[in-house]
Protein chains: 4
Amino acid sequence: MAMTGTLFERTLANADIESTFADAQIVVAMLEFEAALAGAEAAEGLMPQSAAAAIVAACRGAPFDIEWIVNEARRAGALAIPLVQQLRDRVAAASPEAAPFVHRGSTSQDVIDTAMVLVTREALLLIEADLGRLVEALTGLARRHLETAMLGRTLMQSAEVVSFGHEVAGWLAPLLRCRARLRQAGEAALQLQLGGAVGTLAALGDKGPAVARRVGEKLGLPVPAGAWHAQRDAWVALGCAVAVLCGALGKIGRDLALLAQGEVGEVAEARQAGRGTSSAMPHKRNPVAAMVAIAAATRAPQQAATLLAAMPQAHQRGLGDWQAELAVWPSLFIAAHGALRALADACAAGLEVDAARMRDNIETHLRAIGSGDDAGAIEAAARRAGAAAKAQLEAFETQNRKPVP
Amino acid sequence: MAMTGTLFERTLANADIESTFADAQIVVAMLEFEAALAGAEAAEGLMPQSAAAAIVAACRGAPFDIEWIVNEARRAGALAIPLVQQLRDRVAAASPEAAPFVHRGSTSQDVIDTAMVLVTREALLLIEADLGRLVEALTGLARRHLETAMLGRTLMQSAEVVSFGHEVAGWLAPLLRCRARLRQAGEAALQLQLGGAVGTLAALGDKGPAVARRVGEKLGLPVPAGAWHAQRDAWVALGCAVAVLCGALGKIGRDLALLAQGEVGEVAEARQAGRGTSSAMPHKRNPVAAMVAIAAATRAPQQAATLLAAMPQAHQRGLGDWQAELAVWPSLFIAAHGALRALADACAAGLEVDAARMRDNIETHLRAIGSGDDAGAIEAAARRAGAAAKAQLEAFETQNRKPVP
Amino acid sequence: MAMTGTLFERTLANADIESTFADAQIVVAMLEFEAALAGAEAAEGLMPQSAAAAIVAACRGAPFDIEWIVNEARRAGALAIPLVQQLRDRVAAASPEAAPFVHRGSTSQDVIDTAMVLVTREALLLIEADLGRLVEALTGLARRHLETAMLGRTLMQSAEVVSFGHEVAGWLAPLLRCRARLRQAGEAALQLQLGGAVGTLAALGDKGPAVARRVGEKLGLPVPAGAWHAQRDAWVALGCAVAVLCGALGKIGRDLALLAQGEVGEVAEARQAGRGTSSAMPHKRNPVAAMVAIAAATRAPQQAATLLAAMPQAHQRGLGDWQAELAVWPSLFIAAHGALRALADACAAGLEVDAARMRDNIETHLRAIGSGDDAGAIEAAARRAGAAAKAQLEAFETQNRKPVP
Amino acid sequence: MAMTGTLFERTLANADIESTFADAQIVVAMLEFEAALAGAEAAEGLMPQSAAAAIVAACRGAPFDIEWIVNEARRAGALAIPLVQQLRDRVAAASPEAAPFVHRGSTSQDVIDTAMVLVTREALLLIEADLGRLVEALTGLARRHLETAMLGRTLMQSAEVVSFGHEVAGWLAPLLRCRARLRQAGEAALQLQLGGAVGTLAALGDKGPAVARRVGEKLGLPVPAGAWHAQRDAWVALGCAVAVLCGALGKIGRDLALLAQGEVGEVAEARQAGRGTSSAMPHKRNPVAAMVAIAAATRAPQQAATLLAAMPQAHQRGLGDWQAELAVWPSLFIAAHGALRALADACAAGLEVDAARMRDNIETHLRAIGSGDDAGAIEAAARRAGAAAKAQLEAFETQNRKPVP
């Protein structure tokens, strides 16, 4: 049973993203690194093939005792130390002569950072998939309502007529840009970490670069020009791209929540069993997806800020700041994917759009400001908004067909 | 096995604070609330005693299925809904006639907020205890080194002579103020939440206040003048007091880390098996407690900021902001207590203070700036610093004897 | 012409709070400190009375050249250095023999921190005054609408009937608690800073404490047990109390904005010339006070986070963190007072409350959920809410009459 | 005299970046927008050429009364309203018939956002220039010290030998990536804002797109597919790129500060008159550039967080969140450029590198851990680090020659 995060954090997430960052999954990723390292060092003649085989076997054997590792890590100050020790003990039990080769020439940060890269790669795939679903659902929605007249609202006040398709196209634009940004930031950040004690791979002699190349190949990760132990910019820039996504999702959530108010009543999340109910008021249908999106947009800015605040890591490896970054990193992705999945599910299930109510709200507003109830003007404004939205949707398609830079 | 938080968050914490905010523990607290509510309503004639007894029995029976609750909560949008449903099913199985009385007149936020208050009360006791240990250890340290000459440093540059006792008294002062602040903020924040659907306890008719009084008594919580569903100031102010504590601990951590640098070498955390080792460099003794303290001080500002950002909760119950607050609340306390425990342990185990090295560093500095090596002047400065520190320690004692306001 | 802050920051503020933190005002406060220090040192025999008189005269003479000071400070790294130099030059021009006594025994941080305390004291008076106005206006509003039936809303959905007085009492409660918190936090934070180079006042020999006492008396500031150069907890706790106030104001702003939506139409800010107009839509009446309050609540969490993040200041004086704290401190107060003044003005000018619309919205909602239109039930619910609000208002009064601890 | 920001914020900045975001400069940029709009509308036949000429003349005439505008904006809730009024009054005085055409079809947010884009374009040029200077200075430094042996430090403890060139190459890598990221984020964010009341340019009829194209051309800004009134992702992503730069600069600052400690003494900022002095301790040479960089890295995470937090702007124009974004935007750039300029100046002036002290510190460390003083091993490690650094520098050059995507 995979779980991670605090209780209420978990209720805003989902099983997929929880599994991705589950304790066991991170440990598995750490062991993948150790296995790849052993294989690479054997291939470069730095350890016997038999030693590498023994290490790989131990990495892929019975699950490690995570609670023991966590407890020891609290004293040691780094998760990798007890994990490496447990690995070495297992290797020693099977092939004593292989034990000294475990983790050779590497350092705690190599295995931890690379493991975080590996699980983050999975998280980005989840985000990519659900972003695709949300984009598809919203694109359909925008197309269906290109000219559905709707009241535009500025500074929380009724303004002039737009169309619902125009509103939805407005939600879509940042999502498409976020997708491009995430792909690019992901590509830049998902790199092997392998620098040894101080980032020079000195313990591997001349074989350092070759070993790194092999480990990178095995794990499917590019090898950067140098270790990024204390140079976190690409990593943090990825975190910022995720936080920007949360902001874009939060805007959708906020608009949905405003449209779903009883007095507005223009849009509702689809009715589903057990969804959005209230323990005190059975009539209620709470906008749960909007809630999850807003909750993510409320947390993500500060999660990104922690990553940014942790950037000035001293010399070759930071004290306290790197560790803070590691602690908060999964929470950011859990919040983001939780929001994305919730909105994608809600929109794929079909938002209920009440075009008649939208029209009523326009007419009520026009009467309130003493403006004549001119149907032609309303439709003209909606058509104009629809045309603008259509142009945007077409621009999106062109942009989507462009290869990722 | 209690656990909460993400993997690296957990390595910066400890089993005690993890248990306090563990999923199971929060659920237990929620059930304590439901049991107390049933008891109170029965006492006020709002349900039969037998119904209350059945509810209380179900609350205290076999552990609830937390994973089912979490999964359902993801759809429902509130953890209390599936929990109440599971409770109602259990009650119905044993005493069908009691089932309708479960959670009567209450709302999700009542049970969730009150449960958070109950577990937070435990967390504050942990903080109080370890704060006491740290204060005691530092007080002893300050007394032993009142006149141990040490170089003062400003803007990261060597400045003039102080004493190590003066430095330590400087660490102590905020801790004592934090203790007073936490006690007061805790007292203000640890209040019953019971308002029903919209904060008026309307469903309980005239019995609302009496029921609240009884629930409060049972749980040992004061009853506020009104529900604080969307008025989070006292709660967030407590969170801020915890964040201020993290800042004070982070300052100790940073100073310790600076003093423990190889080139300074004035203080070290005590040598203990498995503590502060390195996976790549066996000679290292990393300042683990300082690391944990800095990691907390790096995260806490943003955790507090999330609480503050979530304050503008709409009308009678917020959408997304309240939920964000709940998600981040435990992480703040876990970070804070993790740091506090780590420093308390390190200081209780005895910091290694190298007075000779302190003296060397002073003399080297004086030579570097061309100032004569005047032993008398050094000692006079240290004595003066010691006298100031002594006055501070005495002021602390007086202050400590004052009753909490 | 006093001004401070960036352009759009200024449009969210007002002339009073801008003046308080204006460059010239902070410089005046720094000179007040230098004058008080000279007077105290002369009284303790550390300088001739004539030297003190010359220094005091120079401090109170022609305005200093602030732009020169700022430019020099950029090289020197501290504002106090060129200010003290300019002061010393002026003193030297009039009384050469007095020049060496300028700033004697003190350090940059003494004069800067104390000046910030002095201007912050003024800012807190402004906050106190406008908080009083807002509390008074809201108390009247709550009393007038104790039983005005209004739809309660939870999770942004129509819920059950409360009263507008109950809503307003909900806004009041945190304001009263904020007032008490600010008074207490202010008292704890508004203390003299005087520690000399490394916090021991060593350069004043045995006269340090006596000088401090005299400076404190002159400036009306208590003298703390020790310098708080790098111990910022009381100061930051005050900042947090201000941020909590912003959160409470933001909640009022958000509720007002929601109530002022065209489709809700229950409350509006009073109509005033030039207020809340739109450059594109002349019919609009934008909720400007709500806007300013939300803008403050959006910034304050991060401003407080910066103060918290800057707490771990190394040894006797921090490098970069103290300076970051100074840079952001006024912005927090400017945001807070801007919001407070805007809401106080708007509420004092009289919110327009549309009780008929509130009733309509209730009835529309009841019809929508298929609940009968039972006037008696609505009134009963409003009466119950009114009674709860009345009890709260009475509790506030009792609490208000209690002396500040 | 241009100035902006709070007093201590200003001491961390410089005249160039202050001028860029000065009140007057933003007003000038707003008037540039109004002039371009008038010109474009005349070209499209939406107003007489003579009206456009009158508007352009008024925009370029005598400076506007900024304090009046700020004061009015406080009531109106938007800076553009009094500015447009002042402009209209001036136009009316000269050419009454032209006055109705002022600001035609546009909205406050169009002029404000576009003005912010224009001044931000200037700010990015400043950043680009100083980033270039810093990169050049550090590249030279790295090349000169490729094999200068230096102690690597991890978790604030002495670790193994690297070279100073390797350390500096580590500082360079993020700067080069930041430059690429800023260029790309700038290109994406620096776009015209022109949407009219609700983003559809409805008031311009069919001429909307053509007018936008002309305004964009005039101002040198691309025209996006749609107005980005409430879609701030590209803008906030630029802010995040600036914050990441601050983190990278903060890391340089922190390392410099650690290396400049008296006990380490390996690097110092160049000695310059009035630089880094102390008001209490004349011998001090404080690392001022490091201070400014750390102060920026302490503020920027929260400034970026505010931008992110302000993203969920309701419907067609946000209330309070957009305004918060505007208020904090210049502060982020002022902090970033302040830090960049300070480090570029310090590095261009020449850091003092003490290679002998570096060697001493290594040898002292090796003795302390009981490792033999093996000169050959030290040099071999430094050579290996130098080779790695050289490879990095070459990779940077290749990357630099690549065209910006």
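A salt bridge links A:Arg181 to D:Asp233 in this predicted model. The closest N and O atoms of the pair are 2.7 Å apart. Six salt bridges are found across the interface of chain A and chain D. That interface also holds 27 residue pairs in polar contact, with both residues at pLDDT 80 or more.

Several elements of chain A build the side that touches chain D. Two strands, β1 (149–154) and β2 (157–163), each supply at least two residues. So do the helices α8 (164–189), α10 (233–259), α11 and α14 (375–401). Of the elements of chain A, α10(A) gives the most to this side, with 15 residues. By residue type, the side of chain A that touches chain D divides into 33 nonpolar, 19 polar and 12 charged residues.

The contact between these chains joins 64 residues of chain A to 64 residues of chain D. Together, chain A and chain D bury about 5400 Å². Carbon and sulfur atoms account for 64% of that area. Three residues, A:Leu155, A:His315 and A:Arg384, supply 13% of the area that chain A buries against chain D.

A:Phe8, A:Arg74 and A:Leu319 supply 15% of what chain A buries against chain B, more than any other three residues.

A:Arg74 also takes part in a salt bridge with B:Glu18. Their side chains meet at 2.6 Å, N to O. Between chain A and chain B the count is six salt bridges. Polar contacts there number 15 residue pairs, both residues being at pLDDT 80 or more.

Confidence values accompany the prediction. Chain A averages a pLDDT of 95. In that chain, 98% of the residues score at least 70. For the complex, the predictor gives an ipTM of 0.97 and a pTM of 0.98.

Key: Residues numbered from 1 in each chain as written. Chains lettered and ligands numbered in written order. Heavy atoms only, no water. Buried area = accessible area lost by both parts, 1.4 Å probe. Salt bridge = Lys/Arg side-chain N within 4 Å of Asp/Glu carboxyl O. Polar contact = N/O pair within 3.5 Å; in protein donor to acceptor, adjacent residues only side chain to side chain. pLDDT = per-residue confidence, 0-100. Contact = heavy atoms within 4.5 Å. Helix = DSSP H or I, 4+ residues; strand = E, 2+ residues; numbered from the N terminus. Nonpolar A, V, L, I, M, F, W, Y, C, P; charged D, E, K, R; others polar.
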